[in-house]
Amino acid sequence: MNTPPLYRQLANHYLDAIRSGTLKTGERFPSIRLMMEKHAVSLSTAVQVCRELEDYGVLEARPRSGNYIRQPDTPAKPAPTILPPPLDSGAYVGIHEQVSSVLKASQRATIKVNFASTYCAPQLYPLKTLQDNMIKALRQDPHLLDKAGPTSGNLVLRNILARRALTSKTQLNAERIVITNGATEAINLALRAVTRPGDTVAVESPTFYGLLQILESLNLRVLEVPATTHGGINLPALEHVLQGPERIKALIVIPNLHNPLGSIMPDAHKARLVQLCTDYETVLIEDDTYGDLVDTEQPLSTLKHWDRSDNVIYCASLNKTLAPGVRLGWISAGKWHDRVEMLKHTQSRGCEALSQLAVSAYMGTPSYERYLRRLRRTLTQQRLQMSTAILRHFPEGTRVSNPRGGTLLWVELPGKHSSMALFHEALKAGILISPGDIFSNAKRFDHCVRIGCGAPYSPRIDEALRTLGQLLKNQS
């Protein structure tokens, strides 16, 4: 019989104490620091103990106060869908060559079914409407292509983006929004504006592999902080890092529908995160690429909503929600606006005008909201179908995340199954997946796979999942 991991042994120890009455409802639970001292465990193990007890419904975190015992839920909550393995949050990680090797292998292969994509199927996007809008724009201005637009982008589009931000209680000044070539350029600009080569930047672990590539290209040191599928970045672990001797110049997070975990950070955590970064003078860079794909009609709040000191740089994109080929993103950099605008001019000048006109003509109408509602309903169904099929075809013990929106599922493989081995075997069968190791420099997620759900479910997809399941069983 396998010995449970240390964090689960300690969680069971405290769970027994709570159930026996040794620790009573309303009492304060031992602090992270005290657990580290008394049990001689690492920060990440102590944090995992608290998260395990939270998921059993016997522990609650109170902002600025600590953790307290609460009356257990009935029935008890199950263990969380995904719990990442312990991470030494104070350890730096180096260049991640595996991302490049995975991408190169993917490009060389003949792909029949692509589960690595974060985009929706082409038929789900309003491509015909955007094409018609482009034709109309060219007819209205035949000289549109022979002149350059402003560095910050089309003001009509910027006004639309600022008005839409109000629904998530976010105040953006259209005059201080810069249109970018997707969120990738927006994050590049944010980092270049607030860091210098050699500075340390914190990220969630796991995180989108593209962020690791950006940070490497800018010669920035990366420090990973654990994140979970139910709450995003681990705030006690982050605070411990911020209190350390190393200056953390910036932190990049995806609070809404995190890539790859699919997590949504609770509002109380968002507010606390913003305050933490303000207190420790760490610039907070928010990537809100997936926020519009959440299942609920009520928009999610952004980190920018909780910003009172102009310390949050807000980045977003339309690539996932409207059309991948449009490549339009934007950045609201607050007090760093002038520097970002100049960096944008130096790096790439203004974005091309045609797509901005086409997009603004569509986003300014009620049709856009109707389109988003249809898309969300479709993606909800596709995620459910994919999740059900994964659990049916993959080995017993497989666990799948349950995000409240978006196109991604985070899958934890049982036992000693390797996602990197699965990646290479799947490529031979023409199936592309995203192995977990590319989402962290610390090689902690080889037992995980990110699966895209942007395409409508079909017999071809079902057969591909069946093949992946068989490949995993062959590993055993």
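Among contacts in the protein with a separation of 6 or more, residues 24 or more positions apart account for 74%, where a contact means heavy atoms within 4.5 Å. This is a predicted model, in which local features need pLDDT of at least 70 and side-chain atom pairs count only at pLDDT 80 or more, while totals for chains, interfaces and linings use all residues. Residues are numbered from 1 along each chain as its sequence is written, and side-chain values use heavy atoms, with hydrogens and water left out.

**Overall form**

The protein has 476 residues, for which a compact globule would have a radius of gyration near 23 Å, and the value of 23 Å found for the protein agrees with this; the radius is taken over C-alpha atoms, and the globule rule is 2.2 Å times the number of residues to the power 0.38. The C-alpha trace spans about 75 × 50 × 40 Å along its principal axes. Of the 476 residues, 56% count as buried, a term that means under 20% relative accessible area, with exposed meaning over 50% and partly exposed in between (1.4 Å probe, protein chains only). The protein contains 15 helices and 17 strands, which are DSSP runs numbered from the N terminus (helices H or I, at least four residues; strands E, at least two).

**Helix α5**

Helix α5 has 14 residues (127-140) and should span 20 Å at 1.5 Å a residue, which agrees with the 20 Å between its end C-alpha atoms; the expected span is 1.5 Å times one less than the number of residues. Its buried residues are Leu130, Asn133 and Ala137. They cover an arc of only 60 degrees around the axis, which puts them on the same side of α5, the arc being that of the directions from the helix axis to the C-beta atoms. These buried residues pack against α12 (353-363), whereas the face of α5 turned away from them carries the exposed residues Lys128, Lys136 and Arg139.

**Strands**

In strand β5 (residues 177-180), Ile177 and Ile179 point one way and Val178 and Thr180 the other, and all are buried. Strand β5 runs antiparallel to β12 (residues 329-332), to which four bridges join it, and Ile177 has Ser332 as its bridge partner in β12.

Elsewhere, an open sheet of four strands has the order β13-β14-β17-β16, with antiparallel pairing; two strands pair if DSSP finds at least two bridges between them. Strands β13 (399-400) and β16 (434-435) stand at the edges with a single partner strand each, so one side of each is left without a neighbour in the sheet. Five bridges join β14 (residues 408-412) to β17 (residues 448-452), and Glu412 stands opposite Cys448 in β17.

**Loop residues**

Lys304 lies in the loop between β10 (283-287) and β11 (312-317) and counts as buried at 9% relative accessibility. Leaving aside residues up to four places away in sequence, Lys304 touches Thr170, Leu172, Glu286, Asp310, Val312 and Tyr314.

Most residues other than glycine have a negative phi, and most peptide bonds are trans. The table lists departures from these two patterns.

| Residue or bond | Feature | Angle |
|---|---|---|
| Ser205 to Pro206 | cis peptide bond | omega near 5 degrees |
| Asn259 to Pro260 | cis peptide bond | omega about 20 degrees |
| Arg349 | positive phi | phi near 60 degrees |

Pro206 is in the loop between β6 (200-205) and α8 (209-217), and Pro260 in the loop between β9 (248-253) and α10 (267-279).
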